[in-house]
Amino acid sequence: SLIAFALLLRGAGLVAATLALVMVASLAHPALDWKRALALGLALGVFSSLLFVGLLRMPVPVVGSWLGG
């Protein structure tokens, strides 16, 4: 899941990379269904965007060039 995050961060952006990270990691936990993993991934993606891009001003794309950002 960490490799997927690293490969997706620049091209897809922080939200999509975080979503992919959570979705891949959720496969290791049988009690976590895809709906909860999706909600968790989106929430973490938005929170991390607000924190790292909004507050800390890190030059990370929120939505990458692959997704029209």
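**Reading the fold**

Reply: Read from one end of the sequence to the other, the protein chain follows the pattern α-α-α. It is a predicted model, and its secondary structure comes to three helices and zero strands.

Me: How does the radius of gyration of the protein chain relate to the globule rule?

Reply: The radius of gyration is 12 Å, close to the 11 Å that the globule rule gives for 69 residues, so the protein chain is as compact as a globular protein of that length. Along the principal axes, the C-alpha atoms fill a box of roughly 35 × 20 × 20 Å. Buried residues account for 22% of the 69 residues. Of the contacts between residues at least 6 apart in sequence, 55% join residues at least 24 apart.

Me: What span should H2 have, given its number of residues?

Reply: At 1.5 Å a residue, the 13 residues of H2 should span 18 Å. The end C-alpha atoms of H2 are 18 Å apart, which agrees with that expectation.

Me: Which residues of H2 are buried, and against what do they pack?

Reply: The buried residues of H2 are Leu14, Ala17, Thr18, Ala20, Val22 and Ser26. They pack against helix H1 (2-12) and H3.

Me: How is the packing of two helices described?

Reply: In general, two packed helices are described by the angle between their axes and by the distance between the axes. Here, H2 and H3 pack at an angle of about 145 degrees, and their axes are 8 Å apart. The crossing of H2 and H3 is right-handed. H2 contributes Leu14, Val15, Thr18, Leu19, Val22, Met23 and Ser26 to the contact, while the H3 side includes Trp34, Leu38, Gly41, Gly45, Ser49 and Val53.

Me: Is Ser49 buried or exposed, and which residues does it touch?

Reply: Ser49 is placed in helix H3. Its relative accessibility is 9%, under the 20% cut-off, so Ser49 counts as buried. Leaving aside residues up to four places away in sequence, Ser49 touches Leu14, Val15, Gly54 and Val62.

Me: Where is His29, and how far is it from Ser49 in space?

Reply: His29 lies in the loop between helix H2 (14-26) and helix H3 (34-55). His29 and Ser49 are 20 residues apart in sequence, and their C-alpha atoms are 25 Å apart in space. With a relative accessible area of 47%, His29 is partly exposed.

Me: What does Leu32 touch, and why does it count as partly exposed?

Reply: Leu32 also belongs to the loop between H2 and H3. It counts as partly exposed because its relative accessibility is 27%. With residues up to four places away in sequence not counted, Leu32 touches Ser26 and Ala37. The C-alpha atoms of Leu32 and Ala16 are separated by 19 Å, the two residues being 16 apart along the chain.

Terms used. Residues numbered from 1 in each chain as written. Predicted model: local features only at pLDDT ≥ 70, side-chain atom pairs only at ≥ 80, totals over all residues. Heavy atoms only, no water. Helix = DSSP H or I, 4+ residues; strand = E, 2+ residues; numbered from the N terminus. Buried < 20%, exposed > 50% of the residue type's maximum accessible area, 1.4 Å probe, protein only. Expected span 1.5 Å × (residues − 1). Contact = heavy atoms within 4.5 Å. Axes fitted to C-alpha atoms, helices over the stretch in contact; angles between N-to-C directions. Left-handed = near helix turned anticlockwise from the far one by under 90°. Rg over C-alpha atoms; globule rule 2.2 N^0.38 Å.
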